[in-house]
Amino acid sequence: MRVTKEQLKDLIVTKLHKAGLTVDHAGIVADVLVHADARGYHSHGAMRVEYYAERIAKGGITHNPNFTFTKTGPCTAIFDGDNGAGHVVAKLGMDEAIKIAKENGIAIVGMRRMGHSGALSYFVEQAADQDLVAISVCQSDPMAVPFGGAEPYYGTNPIAFAAPGKNGEHIIIDMATTVQAWGKILDARSKNKPISEGWAVDSEGAGTTDPFKVNALLPIAGPKGYGLMMMVDVLSGILLGLPFGNKVSSMYHDLTEGRNLGQLHIVIDPERFAGINTFKESVAQTMNDLNSIKPATGFDKVYYPGQRSADRENKSEVDGIEIVDHIYEYLTSDVVHNNAYDNKSPFAK
């Protein structure tokens with residue numbers, strides 16, 4: 001089923017508001033989910049609505065959170081999300097980080113007591129739209145084996161980065177520190193399709209391509225990914241005084257409770273360094289240089305990070321967004337939740 005971005009947003013807002021979220025907060029969540037679907041990140045798009053609706057309805061996401069923002073220095077701050085919707089906390093936290101960076105050249109804003117915030121590319125793009133450079137990292141529940149280990153300890157612990165170029169084009173990186181995000185496993189399950197080799201292991205620690213047998217994910221590039229997921233956990237967990245490692249709460253265990261996750265935004269004003277015009281010219285040159293490189297056999301072009309996602313988003317304005325039938329049926333139904341997720345292991349079928 002194909003829908004326009006506006007239609008998809010309206011369906012998501014309606015469902016989340018029925019579950020108990022305010023219209024304003026539901027709108028922000030929907031913006032992030034539609035952004036993900038439009039850019040081709042379907043693992044972080046509309047397929048997540050049923051889970052969010054169940055957690056909202058059961059009180060695991062605060063319906064009317066009491067947000068508090070505390071400056072801890074000229075360039076540092078803590079945003080307490082009161083276990084509100086993570087997308088809302090991350091967006092408002094980035095809004096504050098942008099203000100600080102424009103005033104002081106750099107900002108580091110930590111967000112704590114928040115829920116799952118979805119595709120981090122949305123938040124770093126906020127900063128790039130304001131001619132700023134941004135990095136965002138966040139925790140997730142343990143579902144990845146450390147290098148050399150057979151039991152999960154860290155989460156997919158994603159990293160996002162954005163830098164502005166010219167004419168509204170940005171370099172954007174949004175990646176899990178595992179070979180693939182857990183949402184990719186959920187996406188494969190929803191489509192009943194196998195996953196690629198090297199993504200995950202089963203309960204015996206052996207590689208599997210069956211998404212229903214996945215017990216843990218693998219770090220990217222072995223020890224290098226392992227080091228990166230540790231770095232993310234330190235910056236978005238330990239640094240903010242939050243649970244860390246395998247102590248991070250499960251996304252699916254007891255949806256009546258808040259998750260207390262952490263996320264960290266780092267925002268830099270290029271004007272304080274190379275100067276914004278020089279910076280954007282150089283980023284644009286980098287984009288052109290990469291596009292001009294001779295492609296390897298089997299490739300049609302060298303793309304800069306985020307280019308293909310931006311192309312998909314532009315195409316979605318004309319062609320709409322493809323939504324899996326059963327997800328569309330849920331969004332258009334009267335069902336808010338059906339206890340599909342509560343007290344289920346993140347690895348449950």
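# Exercises on a predicted model

Helix H2 (residues 23-38) comprises 16 residues, and its first and last C-alpha atoms lie 22 Å apart, close to the 22 Å expected at 1.5 Å a residue. The structure is a predicted model.

**Exercise 1.** Determine how many residues of H2 are buried, and describe what follows the helix.

*Solution.* Step 1: a residue is buried when its relative accessible area is under 20%. Step 2: 13 of the 16 residues of H2 are buried, so the helix is largely enclosed by the rest of the structure. Step 3: just after H2 comes Gly-40, which takes a positive phi of about 90°.

**Exercise 2.** Locate Glu-313, classify it as buried or exposed, and list its contacts beyond four places in sequence.

*Solution.* Step 1: Glu-313 lies in helix H9 (residues 307-319). Step 2: the relative accessibility of Glu-313 is 17%; because buried means under 20%, Glu-313 counts as buried. Step 3: when residues up to four places away in sequence are not counted, Glu-313 touches Lys-5, His-35, Ala-38 and Arg-39. Step 4: H2 spans residues 23-38, so two of these contacts, His-35 and Ala-38, belong to H2.

**Exercise 3.** Identify the strands that pair with strand E5 (residues 133-138), and state how enclosed E5 is.

*Solution.* Step 1: E5 pairs with strand E10 (residues 261-268) in the antiparallel sense over six bridges; within this pairing, Ser-136 has His-265 as its bridge partner. Step 2: E5 also runs antiparallel to strand E6 (residues 159-164), to which four bridges join it; here Ala-134 is partnered by Ala-162. Step 3: five of the six residues of E5 are buried, so the strand is largely enclosed by the rest of the structure.

**Exercise 4.** Describe the setting of Gln-180: its place, its accessibility and its contacts.

*Solution.* Step 1: Gln-180 sits in the loop between strand E7 (170-175) and helix H6 (182-191). Step 2: with a relative accessible area of 22%, Gln-180 is partly exposed. Step 3: apart from neighbours within four places in sequence, Gln-180 is in contact with Thr-156, Trp-199 and Leu-217. Step 4: Ile-195 is 15 residues from Gln-180 along the chain, and their C-alpha atoms are separated by 9.8 Å.

Methods:
Residues numbered from 1 in each chain as written. Predicted model: local features only at pLDDT ≥ 70, side-chain atom pairs only at ≥ 80, totals over all residues. Heavy atoms only, no water. Helix = DSSP H or I, 4+ residues; strand = E, 2+ residues; numbered from the N terminus. Buried < 20%, exposed > 50% of the residue type's maximum accessible area, 1.4 Å probe, protein only. Contact = heavy atoms within 4.5 Å. Pairing = 2+ DSSP bridges. Expected span 1.5 Å × (residues − 1).
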